[in-house]
Amino acid sequence: MPLELIPNPLLSKRTTLRLGGPAAVEAVVREETDLDELSEFLTREALPPFVIGAGSNLLAGDGPLELALVRVADCPGPERVERDGSTIIVRCGAGLRLPGLLGWAQKAGFSGMEGMTGIPGTVGGAVAMNAGSYGVEIGELITRVRVWTPTGGLVWLDRGQCSFGYRSFSLADLPGKFLVWEVELGLGESDPKAVRSAMRDVYRNKKATQPVTAKSAGCVFKNPPEQSAGKLLDKAGMKGARLGGMAFSEVHANFLVNLESGTAADALQLMEMGRRRVKEQFGTTLEPEVIVL
Ligand SMILES: Cc1cc2nc3c(=O)[nH]c(=O)nc-3n(C[C@H](O)[C@H](O)[C@H](O)COP(=O)(O)OP(=O)(O)OC[C@H]3O[C@@H](n4cnc5c(N)ncnc54)[C@H](O)[C@@H]3O)c2cc1C
């Protein structure tokens, strides 16, 4: 099958914030053989590529975006590949949704990821963001990762070749852009019922403290060292602050929500207002966690 190319894909349909105008094109990669064609396509089009996962950490601009989106779809796996002492090594493709991976691990009785319950992204997006919550970041579990670049093709990199930070992931050997193709994670073994119960606890807590079903991109700002961005925004009077169709959630001040017909322009203006107030009142500069396109 030739590489699937979708002209003018709407970012508002591909992001959980439901914001954003059309990109120039979207290339949908399903199997390894598509990657050679992708390389030729990117050279030919000469548009800046942007790898998109579930769009759950993106704030895309309202106007047309001169970008070639690249999306990994139809992933095989997850599968258990081997045991290393008491650790079970699990392999999965980047396009798989994290909730699907967690559900599979729960049934198999593999533990370690329960804290990430409720993160709606893909595995590739979780690796790229080093996503995490409730004491677990995906980077802690990665044993190796397979990445692709147009010039270097697909390569497996060991954990030691990866750098994980707070919501960041980088590769010393590949300083430019890369696509995460698949990943291996080291998990523990547990009773499936215990894994399910831990996942339920996390989700119950998140439901009580976050607008989990709203149109959002999760936390918009990173927590400054030793501080909570949500608490700072709350104290600065931003909880529930509204502009047009966008608002800082009444439930959690660090979640920007699209109430109905919000625009990226409103979202960016609200973020700027929140940043300014927090800076003025507490001297702290908030850095966006959400990727602005
Ligand atoms: C309700 C809600 C709750 C959330 N809770 C949390 C939370 O608790 N903790 C947390 O960390 N995040 C949370 N998030 C944010 C988000 O879900 C995570 O950042 C997630 O990992 C993003 O994955 P994605 O597939 O949606 O990536 P996208 O949003 O599509 O992209 C995010 C970044 O990852 C890159 N990327 C995506 N796929 C690949 C790939 N295959 N290869 C290379 N780069 C790639 C993109 O280029 C972009 O830079 C939440 C979001 C929502 C909406």
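This report walks through the domains, the ligand shell and some of the packing in a predicted model.

## Domains

Let's start with the overall layout. The protein chain is split into three parts: domain 1 covers 4–72, domain 2 covers 79–209, and domain 3 covers 216–292. Taken over C-alpha atoms, the centres of domain 1 and domain 3 are 26 Å apart. Domain 1 and domain 3 each bring twelve residues to their contact. On the domain 1 side, these residues are five nonpolar, five polar and two charged.

## Around the ligand

The ligand has 31 residues around it, and the closest are G53, G121, G124, G125 and G218. Several elements give two or more residues to this shell: β3 (49–52), α3 (123–129), β9 (132–133), β15 (179–189) and β16 (216–219). Of these, α3 gives the most, with five residues.

What classes of residue make up the shell around the ligand? There are 18 nonpolar and 13 polar residues, and no charged ones.

Now for a run of paired strands. Strand β6 (residues 79–84) and strand β7 (residues 87–93) are antiparallel and are joined by five bridges. One of the pairs sets E82 against I89 in β7. The hairpin that β6 and β7 form has two residues between the strands, and G85 has a positive phi there, near 65°.

Strand β7 also pairs with β15, again in the antiparallel sense, over six bridges. Here R91 stands opposite E184 in β15. β15 is also among the elements that give two or more residues to the ligand shell.

## A closer look at C92

Is C92 buried or exposed? C92 has 23 C-beta neighbours inside 10 Å, so it counts as buried.

Setting aside neighbours within four places in sequence, C92 is in contact with C75, G77, P78, L101, V123, E182 and V183. V145 sits 53 residues from C92 along the chain, yet the C-alpha atoms of C92 and V145 are separated by 9.9 Å.

## Helices α2 and α5

Helix α2 (residues 98–108) and helix α5 (residues 192–209) have axes that come within 7 Å and cross at roughly 145°. From α2, the residues involved are L102, Q106 and K107, and they meet P192, V195, R196 and M199 in α5. By class, this contact has four nonpolar residues, one polar residue and two charged residues.

## The four-stranded sheet

Our last stop is an open sheet of four strands with antiparallel pairing, in the order β16-β19-β18-β17.

Terms used. Residues numbered from 1 in each chain as written. Predicted model: local features only at pLDDT ≥ 70, side-chain atom pairs only at ≥ 80, totals over all residues. Axes fitted to C-alpha atoms, helices over the stretch in contact; angles between N-to-C directions. Contact = placed C-beta atoms within 7 Å. Nonpolar A, V, L, I, M, F, W, Y, C, P; charged D, E, K, R; others polar. Near = placed C-beta within 6 Å. Domains from an automatic or database assignment. Pairing = 2+ DSSP bridges. Buried ≥ 20, exposed ≤ 12 C-beta atoms within 10 Å, placed from the backbone.
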